[in-house]
Number of protein chains: 2
Amino acid sequence: MSGVRAQQKEKTRRQLIDAALSQLSAQRSFSSLSLREVAKEAGLAPTSFYRHFTDMDELGLTLVDEAGLTLRQLMRQARQRIAKGGSVIQISVETFMEFIESNGNIFRLLLRERSGTSAAFRAAVSREIRYFTLELCDYLQQANKLDADIAYLQANAAVTIVFSAGSDALDIDEKSELKQLATSTIQQLRFIARGAADLSSRRKAGKV
Amino acid sequence: MSGVRAQQKEKTRRQLIDAALSQLSAQRSFSSLSLREVAKEAGLAPTSFYRHFTDMDELGLTLVDEAGLTLRQLMRQARQRIAKGGSVIQISVETFMEFIESNGNIFRLLLRERSGTSAAFRAAVSREIRYFTLELCDYLQQANKLDADIAYLQANAAVTIVFSAGSDALDIDEKSELKQLATSTIQQLRFIARGAADLSSRRKAGKV
DNA sequence: TAATACAGTGTACACGTGTACGCTTATTTA
DNA sequence: TAAATAAGCGTACACGTGTACACTGTATTA
């Protein structure tokens with residue numbers, strides 16, 4: 001019952017996943033990857049692929065799950081930093097930018113499949129982003145004492161802005177430009193925060 | 001010099017462009033289109049394609065240009081409506097949503113190629129979006145008397161939010177959900193506008 | 001009118017694709 | 001220990017791809 005076999009199987013499954021991830025790049029999208037290429041990179045015969053996934057799509061959805069996991073790690077990391085003090089918005093953006101820098105291909109995967117041709121992929125990505133947004137929403141709600149609906153609008157807008165900035169960051173290598181992008185993003189997030197706080201206070205004053 | 005020949009050539013060129021556009025859908029991205037498919041749809045032999053474009057990429061870039069044109073038409077349409085009075089933000093969002101409804105595939109093209117694998121495509125799309133943003137920036141600057149930098153931040157954030165909403169709209173058919181999406185988007189744009197106006201007034205009061 | 005340019009055709013090729021099928025080999029089960 | 005199970009392999013096939021090449025027929029030019 002030790003499961004030498006199951007263990008080996010899990011290992012080659014990982015090899016397939018890693019092979020796929022390693023082939024992703026600015027020039028290579030998941031949908032352009034072929035089953036044969038991935039199998040080859042993993043050191044497997046093409047037909048062995050089927051022992052682990054029925055489809056490239058199934059592999060792809062697994063990758064999206066991985067990406068969601070990484071995204072949640074990011075959240076945790078940001079929260080740790082925030083707990084140590086400092087501007088919430090600034091630290092969040094900095095953390096996100098670092099994430100992009102070291103996980104560019106995973107982030108690209110999310111960006112691309114979000115508007116891709118597979119409904120299943122789109123749903124999976126939007127689910128991951130929704131989790132991400134909801135966590136932020138919770139945070140805003142209790143940290144800033146906002147109503148649920150306002151907090152959600154702010155969280156949703158903030159995530160949109162940050163993801164868009166991340167997307168732009170992928171096409172920049174100049175350090176100073178990245179710095180500039182971060183600064184602009186921070187300012188935009190402040191706009192949103194201000195607007196949300198403003199609506200909240202007007203609502204509490206009974207004007208809305 | 002009438003150019004019967006040149007005229008005919010232009011016509012089949014258009015047929016190729018239209019053929020490509022007509023094959024785009026939620027399930028079909030430009031990059032998944034083959035030269036042969038497009039030629040066939042246009043009623044041409046595969047090899048005749050080369051008389052008009054060196055590449056599928058060249059066709060694709062032409063499509064992006066078309067999309068940019070459509071986008072600018074949208075702008076003009078929105079401005080006309082705004083001139084007739086009403087909430088600027090609301091009218092803009094409504095106009096944009098109508099655009100999505102009748103130009104879904106063109107909008108999808110922009111969304112997809114923005115994060116696609118071709119640097120040329122990404123550059124072309126980001127150029128079109130930049131034009132769009134700059135027009136809005138000009139408008140905000142003179143309508144709201146904002147400084148150039150603040151106006152640009154607002155325009156950029158607004159375009160990001162609206163495009164993201166458009167992307168979400170593509171996966172919704174329920175009428176009431178679309179309405180809800182539009183309402184949320186409008187509120188988010190108001191957040192941004194408020195934040196920008198706020199920074200502007202604080203700056204003018206000499207506090208920043 | 002004769003020569004030229006050129007849009008469009010059809011054939012042909014090499015290549016990469018997904019996957020069906022039967023086999024081997026080592027672990028697991030009985 | 002014998003039988004069953006299952007991961008991984010190799011072969012083979014049909015299919016769609018981009019594009020090279022030689023061609024035809026007609027508008028344009030000289």
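Trainee: Of the atoms of DNA strand C within 4 Å of the protein, what percentage belongs to sugar or phosphate?

Mentor: The model is a predicted one. In it, the atoms of DNA strand C within 4 Å of the protein divide between bases on one side and sugar or phosphate on the other. The share that belongs to sugar or phosphate is 48%.

Trainee: Which helix gives the most residues to the surface near DNA strand C?

Mentor: Helix 1 and helix 2 (35-41) of chain A, together with helix 1 of chain B, each supply at least two residues of that surface. The top contribution is four residues, and it comes from helix 1 of chain B.

Trainee: At what distance from a phosphate oxygen of DNA strand D is an N or O atom in the side chain of His52(A)?

Mentor: His52(A) is among the residues that come nearest to DNA strand D, as are Ala45(A) and Arg36(B). Ala45(A) uses a polar backbone atom, 2.7 Å from a phosphate oxygen. For His52(A) the contact is through the side chain, and the distance is 2.5 Å.

Trainee: How many charged residues has the surface near DNA strand D?

Mentor: There are 21 residues around DNA strand D. Six of the residues are nonpolar and eight are polar, while the number of charged residues is seven.

Definitions and conventions:
Residues are numbered from 1 along each chain as its sequence is written. Chains are lettered from A and ligands numbered from 1 in the order in which they are written. This is a predicted model: local features need pLDDT of at least 70, side-chain atom pairs count only at pLDDT 80 or more; totals for chains, interfaces and linings use all residues. Side-chain values use heavy atoms; hydrogens and water are left out. A residue is near a molecule or strand if one of its heavy atoms lies within 4 Å of it. A polar contact is a pair of N or O atoms within 3.5 Å; within protein, one must be able to donate a hydrogen and the other to accept it, and residues adjacent in sequence count only if both atoms are side-chain atoms. Ala, Val, Leu, Ile, Met, Phe, Trp, Tyr, Cys and Pro count as nonpolar, Asp, Glu, Lys and Arg as charged, and the others, Gly among them, as polar.
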